[in-house]
Amino acid sequence: MDMTEVKAMINILEWEKIYKSKVVSADEAISYIRSGDRVVVGHAAGEPSYLVNKLAENYETYENVEIVHLVSLSEGKLTKPEMRGHFTFNGFFLSAGNREAVAQGYADYSPGFFHELPKLLGRDLPVDVALVMVSKPDKHGFCSFGTSSDYTKPAADVATIVIAQVNEYMPRTFGGNLIHVRDIDFIVEHDEPILELQPAKVGILEAKIGKYCSTLIKDGDCLQLGIGSIPESVLPFLYDKKDLGLHSEMASDGIVDLMLAGVINNKRKKLEPGRSVFTFVMGTRRLYDFIDDNPEISMSPVDYVNDPTVVAKNDNVVSINSCLQVDLMGQVASESIGMYQFSGVGGQVDFVRGAAMSNGGRSIIAMLSTARKGTVSRIVPFLDKGAAVTTSRNDVHYVITEYGIALLKGKTLKERAKALIKIAHPKFRPELKAEYERRFAEPYDMRMRYIHQKENS
Ligand code: COA
């Protein structure tokens, strides 16, 4: 053995020793969480299910433990009614498993741009415990946060105690997404399939919307795709494009085939060329296997990926996100239906603004024209009472439904209202036109001298 080999051996032995000294049972690991602690739980597919389940089983041991989380793919055991007083859920994004708990008042929601969350955790919301899931260590002793870098890695960076479930099912991803075993306090070894999300169903109407969106996408554009079925409906219509790039908060299964087909090759990106950049992914095992050890995937914390000034470093950024309601001025409500908090702002505004700052950038808000099986219009005279405006009328650029494309940026209030009424469902247009006439004190059909609207009705 020469000196280099000896040194490498010492290095390996050292981290393995450290690793072994930190392995504990799940029961012991969660015993270090104390009543009153703030616990940040790994995000989406990065939720350490085994440890969360243990916490839920032992809920009576704890009082007022604050659970900070975003998108949940699990059934939300810590927000069940019996957890009240034991765990206080503080969600920065709500999902099916915890929406009702917030509506009933025994869990809460925190507004805030996704890219600012790591700063909050380091400053305003001190983290007592980061409860995370990581991959097995590599030969240098580094574990990967795999599917979820976002706020998960930043929380581990600032937490007083880091408890990690080491799970061989967690993929290993590159970018700024690693933690050395010496920086983990307690390791619980438990292999189990990680949480999955099945691809959203894309129906005929969603496909129409996807097609309209694709007409605004050019060869070489750098895409961000948001959450829900609509952003995903665009992907099948991109196979005739060339040299697309991805710098997106999240990714789902749809990107795999586009990358394998070479349509997304990230060639023309200025920032991280050759790599698709995400802060988290959620989908099926196929996606998780695809990102595993894949040098074309770069995963980094959300304060980098979603920072609008970082997003804007690429040219021709196109962001595609969805919403629940748009009013006639172009105010976009994407996270609440009236007072009912449905989800969260996520990275919608981060990317709408990043796209606006990018040379040649465009942002798209795409949605079905109606909701609740066609009984309500999503284009409305006024947002429902209490609704939060997610993307403001000053930020909004394109709005798309299955009836076409409305270009709102640079348009007057009258032009906006007309453009939106044209893409509303026909059965709701008469009441929207009546509101137009009431608001602007002129007939809806009066000719405007300055219409440059793109029309597709
Ligand atoms: N009034 C009443 N109900 C409404 C409604 C409205 N205006 N709009 C939607 N709904 C209902 C739908 O009918 C549906 O209920 P149903 O399944 O019982 O019919 C439910 O609310 C969900 O709506 P849908 O549009 O299908 O949701 P989605 O899963 O496609 O997600 C958003 C859409 C807007 C909720 C989601 O994209 C989101 O949370 N966006 C904000 C954050 C974001 O964009 N982040 C981007 C980066 S990840």
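Predicted model: local features only at pLDDT ≥ 70, side-chain atom pairs only at ≥ 80, totals over all residues.
Residues are numbered from 1 along each chain as its sequence is written, and side-chain values use heavy atoms, with hydrogens and water left out. Local features need pLDDT of at least 70 and side-chain atom pairs count only at pLDDT 80 or more, while totals for chains, interfaces and linings use all residues.

**Cavities**

Start with Glu47, His69, Gly76, Leu78 and Phe89. Among the 13 residues that line the largest cavity, these five lie nearest its centre. A cavity here is a set of points, on a 1 Å grid over the protein atoms alone, where a 1.4 Å probe fits but cannot get out; lining residues have an atom within 4 Å of a point. The largest cavity holds about 110 Å³ of space, a volume being the space filled by probe spheres set on the points, which are joined across faces, edges and corners. Its lining has five nonpolar, six polar and two charged residues. In this scheme Ala, Val, Leu, Ile, Met, Phe, Trp, Tyr, Cys and Pro are nonpolar, Asp, Glu, Lys and Arg are charged, and the others, Gly among them, are polar.

The structure has five cavities of 30 Å³ or more.

**Serine 298**

Next, select serine 298 in strand S15 (residues 297-299). Serine 298 counts as buried because its relative accessibility is 3%, the cut-off being under 20% (1.4 Å probe, protein chains only). Its side chain makes a polar contact of 2.7 Å with that of glutamate 272. Such a contact is a pair of N or O atoms within 3.5 Å; within protein, one must be able to donate a hydrogen and the other to accept it, and residues adjacent in sequence count only if both atoms are side-chain atoms. Leaving out residues up to four places away in sequence, serine 298 touches Phe174, Gly175, Glu272, Arg275, Ser276, Val277 and Phe278, with heavy atoms within 4.5 Å.

**The ligand**

Finish at the ligand. Of the 25 residues around it, Ile227, Leu324, Ser343, Gln348 and Arg378 come nearest; a residue counts if one of its heavy atoms lies within 4 Å. Serine 343 places a polar side-chain atom 2.5 Å from a ligand oxygen atom. For arginine 378, an N or O atom of the side chain is 2.9 Å from an oxygen atom of the ligand. At arginine 372, look at the backbone: a polar atom there is 3.0 Å from an oxygen atom of the ligand.

Key: 1 Å grid on protein atoms, 1.4 Å probe; cavity = no way out; pocket = protein on both sides within 12 Å on 5 of 7 lines; lining within 4 Å. Helix = DSSP H or I, 4+ residues; strand = E, 2+ residues; numbered from the N terminus. Buried < 20%, exposed > 50% of the residue type's maximum accessible area, 1.4 Å probe, protein only.
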